[in-house]
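Student: Could you take me through the salt bridges of this model, with a close look at the pairs and where their side chains sit?

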Amino acid sequence: MLNFTDQITRPLKQDRGGATQGPMLSGRVSRYDGLLLECDGFPVCVGSVCSVQTTDGQAVLGEVIGFNEGRNKLVLYQSGAAVQAGARVALIDEGTMVDVGDSYLGRVVDGLGWPLDNAPRPQVSAQAPLNGTLVNPLARRQIPGPLDVGVRAVNGLLTIGCGQRIGIIAGSGVGKSVLLGMMARYTSADVVVIGLIGERAREVGEMVRAIMQPATKDKVSIIAVPADRSPLLRIRGARRATALAEHFRDQGKNVLLIMDSLTRVAHAQREIGLALGEAPTSKGYPASVISMIPNLIERAGMGIGPNAGSITGIYTVLADGDDSNDPVVDTARAILDGHIVLSRSIAQLGVYPAIDIPASISRVMNDIVPPAQQKAARKFKKLVSLYNENRDLMLMGGYVSGQDTDLDQAVSLWPKLVDYISQSPDEQAELSKASGQLAAIVGQ
């Protein structure tokens with residue numbers, strides 16, 4: 001348990017001369033069921049961070065999630081805390097702003113900004129809104145061109161534009177984390193912000209060690225909130241990562257924001273929504289989950305003004321049980337600018353990254369690549385689709401060469417098609433070369 005005594009005892013606000021503005025706001029615990037805590041009502045906003053005394057004299061943090069009959073409702077960031085009735089609850093942070101800045105580059109922090117890499121807490125002077133600001137969609141700049149992510153199949157067949165929001169839809173164990181690691185290491189973006197939300201602690205450690213290499217760490221910032229943390233801390237981690245990306249975008253930088261995973265953020269919001277008494281709908285998701293997803297995704301994209309940068313958002317979406325009709329999958333697919341589907345059947349063939357090319361799409365690709373590459377990509381997808389549709393027929397001996405010229409071409413080129421999609425995690429495939437290799441294979 002962290003000791004937050006210094007934060008609790010210092011004034012919440014100070015003016016420029018250093019004088020405090022008003023007394024500390026506090027109340028006493030009246031109800032606590034292990035998840036939801038209620039205390040005396042005092043003036044706070046939803047999202048405010050409070051400290052709660054425990055029986056051992058230390059304090060745990062909680063976040064205000066609502067009000068009821070004159071009482072404040074909170075959820076603690078640490079489960080199982082020893083909190084008794086009458087324990088003091090004090091406001092320490094209004095929760096609307098978070099620290100941002102270059103000092104977060106090369107660092108790994110949690111949802112509250114506390115370091116996880118055994119280094120001092122980043123010292124910054126700038127702040128950004130945790131929940132972002134509404135942006136006039138007509139004021140956003142147009143997507144200027146493609147972003148190199150270092151993955152051949154994506155660069156050539158599913159080209160991602162600067163400021164595009166795209167989802168990676170996959171079940172468990174099909175190479176999602178490896179693909180994200182490749183994108184983070186090989187991208188041409190100026191800054192990479194990674195939100196590891198609700199993932200296994202082991203996977204968090206492996207991802208950090210793979211990405212925080214000497215050649216790349218100076219442009220990477222990681223916000224990690226493992227699966228065993230409070231649902232509110234997971235949501236705050238996703239919002240903090242997005243706020244940090246917005247800060248760098250406003251500085252004119254092209255940012256790659258990787259959120260792994262959007263589904264875990266939705267699960268966290270489901271826990272909070274059900275605790276507040278919201279009615280569950282499809283698969284137990286309350287309405288607040290469906291509204292939260294577009295609010296988070298829409299914060300990425302192009303900036304405003306001639307000198308603004310971009311946030312290219314890559315959000316992983318877990319298809320539980322390989323169900324592509326999951327409510328979170330459907331909602332994300334509808335709001336995103338494209339999706340990359342990872343197939344378990346392709347992974348079982350030993351093809352990595354296991355991208356299902358016919359099922360994947362980039363909705364801005366045709367606006368940012370030349371017509372020749374568009375034509376070659378369509379031909380490639382057609383050949384892959386033809387081969388997969390007729391694979392069983394060929395295995396049974398029912399395929400006779402010469403009856404379908406397109407299928408004949410798909411069969412003859414299949415080894416080259418597989419080689420183009422396949423890529424070792426240690427191999428970087430530049431955007432400029434991916435298009436030429438694609439044209440050479442399909443003859444366009």
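Tutor: Happy to! A salt bridge here is a side-chain nitrogen of Lys or Arg within 4 Å of a carboxyl oxygen of Asp or Glu. By that rule the count comes to 18 salt bridges. Please keep in mind that this is a predicted model.

Let's begin with arginine 236, which forms a salt bridge with glutamate 63; their closest N and O atoms are 3.2 Å apart. Arginine 236 belongs to helix H5 (residues 231-250) and glutamate 63 to strand S4 (residues 59-68), so this pair ties together parts that are 173 residues apart in sequence. Arginine 236 counts as buried, at 5% relative accessibility, and glutamate 63 is buried too, with a relative accessible area of 7%.

Helix H5 also holds arginine 234, and its partner, glutamate 271, is in helix H6 (residues 262-275); this pair links distant parts of the chain, 37 residues apart. The closest N and O atoms of arginine 234 and glutamate 271 are 3.2 Å apart. Arginine 234 counts as buried at 9% relative accessibility, whereas glutamate 271 is partly exposed, with a relative accessible area of 35%.

Now look at aspartate 228 and arginine 229, whose salt bridge has its closest N and O atoms 2.7 Å apart. Aspartate 228 is exposed, with a relative accessible area of 56%, because exposed means over 50%. Arginine 229 is partly exposed, with a relative accessible area of 35%.

Finally, there is a network: salt bridges link Arg31, Asp33, Glu38, Glu69 and Arg71.

Terms used: Residues are numbered from 1 along each chain as its sequence is written. This is a predicted model: local features need pLDDT of at least 70, side-chain atom pairs count only at pLDDT 80 or more; totals for chains, interfaces and linings use all residues. Side-chain values use heavy atoms; hydrogens and water are left out. Helices (H or I, at least four residues) and strands (E, at least two) are DSSP runs, numbered from the N terminus. Buried means under 20% relative accessible area, exposed over 50%, partly exposed in between (1.4 Å probe, protein chains only).
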